[in-house]
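Hi everyone, thanks for coming. Let me put the model up on the screen, and then we can walk through it together.

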Amino acid sequence: MTVRSLGYVVVEAPDLAAWRKFGLEVIGLMEGPAGSDGSLRLRIDERPFRIAIVPGKTNRFVSCGWEFKDAEELESTITALRRAKVEVREGTAAEAANRAVRQLAHCKDPCGNQLELFHGRTYDYAPFASPKGLTGFVAGDLGMGHAVLPAAQLAAAREFYKLLGFADTDEMWLQMSPNPADPKLGIHFMHAACRRHHSLALVGMPAPSGCVHIMLEARSLDDVGYALDRCIANGAHISSSLGKHSNDFMVSFYVQTPGGFDLEFGCDGLQPDWSTWVPTQSVIGDLWGHRWSPPPA
Ligand SMILES: [Fe+2]
């Protein structure tokens, strides 16, 4: 009953061409084989895809796909969710095949975020080759990166994700205005059974697109810098300048995706030893940088 990593994310978009340009030409990801649902699939490692963009009416974030070790771990998690009165729908064989997994289940967290739980991911072993010369990503057993989701019911969401086997890494309460009476913005950072500092973060704020941001971790600062230059050259909105986070030491920038949510593109994220880690509380989000700019109206 322990979630291993963020396996993939699913996005809906009316304009796959915009995502193809952003994913391949701007960021430098590799196009994988299309899904049976006509989805554009982007890869960062030897998995058939890590980001699936499904054709649809709206630009929105659809779901996170959380990976489990085997059928036993997946089934015990489904049992724990149902015991907690969470509605879980078993995925069909066709749905599992389209996601390139052996078994799949669907549910929602208390804030309405959709999840897919799976095991048995297919590998095609095609080596990652970036069309823009990225040297590669810190992925594999660490999963694709992390997802930061809106969670108005922050405490309930955290307890829900503990049913999947997530554990606390860090808790952040940020003062968002000079008014000391303003309620602080809470962010819960949670890790799966892999060395990534957090595979999931929950933020007590709304996100109309369905996601605050996803993060991909490049292998080098040069990969990050070249990607930042390509984003600027292509006119993408840089939501945050380059900076270094306080809790996971990630050096990153944020760019708005065609889906309306941000992509954090970084490197050098902390990989804690969970046998000795003690969950922390952080009162600032950054050591330096990360100056935020609102999206154009
Ligand atoms: Fe992040």
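Let's begin at a turn: S15 and S16 form a hairpin with five residues between them, and Gly260, in that turn, has a positive phi of about 90 degrees. Strands here are DSSP E runs of at least two residues, numbered from the N terminus. Before going on, a word on the source: this is a predicted model, where local features need pLDDT of at least 70, side-chain atom pairs count only at pLDDT 80 or more, and totals for chains, interfaces and linings use all residues. Residues are numbered from 1 along each chain as its sequence is written, and side-chain values use heavy atoms, with hydrogens and water left out.

S15 pairs with S16 (residues 262-267) in the antiparallel sense over six bridges; pairing takes at least two DSSP bridges between two strands. Within this pair, Tyr254 has Glu264 of S16 as its bridge partner.

And Glu264 takes us to the metal: the iron ion is coordinated by Glu264 (OE) together with His146 (NE2) and His213 (NE2), at 2.0 to 2.2 Å. Donors are N, O and S atoms within 2.8 Å of the metal (3.2 Å for Na, K and Ca), and water is not among the atoms, so sites may look incomplete. Along the chain, the donors follow the spacing H-x66-H-x50-E. The two histidines link distant parts of the chain, with His146 in strand S9 (residues 146-150) and His213 in strand S13 (residues 213-217), 67 residues apart.

Are those histidines buried or exposed? Both His146 and His213 are buried, meaning under 20% relative accessible area, where exposed is over 50% and partly exposed lies in between (1.4 Å probe, protein chains only).

Note on methods. Helices (H or I, at least four residues) and strands (E, at least two) are DSSP runs, numbered from the N terminus.
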